[in-house]
Each structure stands twice: as structure tokens, then as C-alpha cells.
Amino acid sequence: MVDLLKQEMNKKNRFIFLAMAVFLVIVTILMAVIGKDTRTLDGYKLMNTFGGITPVIELLATIITATRFAGVDSNKQVRQNMERHSKITIFFSKIFTCMIGYFILLALSVLTIIFMKYLVFPESAFAGKLAQELQWATLGNIAYVFIFESFVIMVIGFCKTWYGAIAFGVALNYITEIIAGIFMIFIYNNRQLIWNPFNFFFVEKQIQDGMKHMMTRLTLNQIIAGSIVYAGIFFVIGFIIFVFIRKFKTDDELIAKRQAKKNKKQKLQTA
């Protein structure tokens, strides 16, 4: 496991992660300063909306997850590691890497938001209601990332390139919300549909936006229970697919497969 973790945290990946962290801090600072100048943010909204950087940290978490679990480079690494390690160990080494990366980014975000609160919005003390809003915003972010990244792990395997995996992972953010929105049309007349899995992809937005709370019709207890259950289901399915179904084809194998199809097509045309 230690050897696998070292591979996942190699020099190249550490450099990319450092760039992500720097980018996240810069965006957090800019959001606070611009929000102050345009009067779209105050101390309360800064806490309630997680500094306005929710899409950024979720994008970075998705990039980390997608590139660990899909693409030719990832497949090649898995194939090499399968000679000395079980697929179960490889799977969990990738999970640990994703978790460590996300929680470092999350902690960095929280610290930067608190710093910007004192620097840009010093008029109100960081205590009581403000501290509670940041706490709920942070918990909402964790809940959403937990369920969304589990879903990404479950469905990302067919992507053959790292940029394809990133594009698909980002697209899933919007796809799941569109599906959730369609389900909401029917929730008003069929309350049992609040338990459909896509309704929980609005978890974070529900905490930040009262209108989303009215739309999802989920209580906080239901949010917690549903997020844990569905994230667990997605995680188990993703685990089964990774360990028992995926073949992890390398670039050479993909090229050979495409060439075989091309040769077969040419033979049919000349027959």
C-alpha cells in the first residue's frame, strides 16, 4: 500500500496538486475582494456560500478523481501494479489519494475564507451565526463531494484518455443536476420521489439556498442519511466495476483494437 501511495503522490502529481492549491487560494481571495467591491458578498454570505468557491473546489476534486480512475496513463499504471498488488489494494490506494487531496484543499479553503473574513469583512465578528454558517457550508460541501465523487468513480471507467475523463467528470456535475431538476417536477405530487438518488445532488445548494430546500423537500436528517446511503451504494458499485469488471486496456491495446476493426472493415469492403 505504501508503494502504491508513493506512486499516486509522485513528483508530477504533487506539482499538479500544488498548482491546484495555489489556484484555489487565488480564486478565494479574488472572490472575496470582488464580492466586496460589487456588494454581492458580505461577511454572512461569505460564510454561507463557502466563499463563493464551491464550483472551483468541486471541479478540482473531480479532476483528481477522474485522472486517478480513468485514462490510458491510469490504466497503464494499474496494469503494472497488478503484477505485485491486488486490484483491491490498488483501488483503495487511489481512494486514499483522492480523499487526502480533497481534505487538504478543503482545509486550505476554510482557512483562506476565515482569513478573508477578517481582512475584507472585519465589521462582524467570526462567531455565533457566522461560524455556524461556515460549518454548515463546509459539511454541505463534504456531503456533496462524497456522493458526487462516488458516482464519478462508478461511471468514469469507460473514458480512455485523461482529458476525456476530466471533461466527462465535469459534465456529470451538470448532467446530475439536470436529471435532479426533472425529478423535481414530479416530487410535488409524488413525495416518495424525494428519495430518488439525484435529489441528493442538490445537498450543498439546499444548505446554501432556501429555495432549493423548498424544491428538494429534504430535512437535514434526510440529507445526511440519504447522502451516506447513496454514496455508499455508488462506492460499492464502483468498487465492483474496478475490481471485477474493468480490463484496464493500455494505449497499445486500444490501438491494436482500432486497427483490427479497420482491417475487418477493409476486408468486408473488398469482399
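## Basis and overall fold

Helices (H or I, at least four residues) and strands (E, at least two) are DSSP runs, numbered from the N terminus. On this basis the chain has 12 helices and zero strands.

The structure is a predicted model, in which local features need pLDDT of at least 70 and side-chain atom pairs count only at pLDDT 80 or more, while totals for chains, interfaces and linings use all residues. Residues are numbered from 1 along each chain as its sequence is written, and side-chain values use heavy atoms, with hydrogens and water left out.

## Burial and contacts

Of the 271 residues in the chain, 44% are buried (under 20% relative accessible area, with a 1.4 Å probe and protein chains only). Among contacts (heavy atoms within 4.5 Å) with a separation of 6 or more, 78% join residues 24 or more positions apart.

## The nonpolar core

A nonpolar core is a set of buried Ala, Val, Leu, Ile, Met, Phe, Trp, Tyr and Cys residues joined through side-chain atoms within 4.5 Å. The largest one contains 68 residues, and Phe-50, Phe-69, Ile-156 and Phe-242 have the most contacts inside it. Helices supplying at least two residues each include α2 (11-38), α4 (54-69) and α11 (220-245). The largest share, 12 residues, comes from α7.

Leaving aside residues up to four places away in sequence, Ile-156 touches Ala-66, Phe-69, Ala-70, Ala-165, Phe-168 and Gly-169.

## Helix α4

In α4, 13 of the 16 residues are buried, and the helix is mostly covered. Just after α4, Gly-71 takes a positive phi of about 100 degrees.

Key:
Buried means under 20% relative accessible area, exposed over 50%, partly exposed in between (1.4 Å probe, protein chains only).
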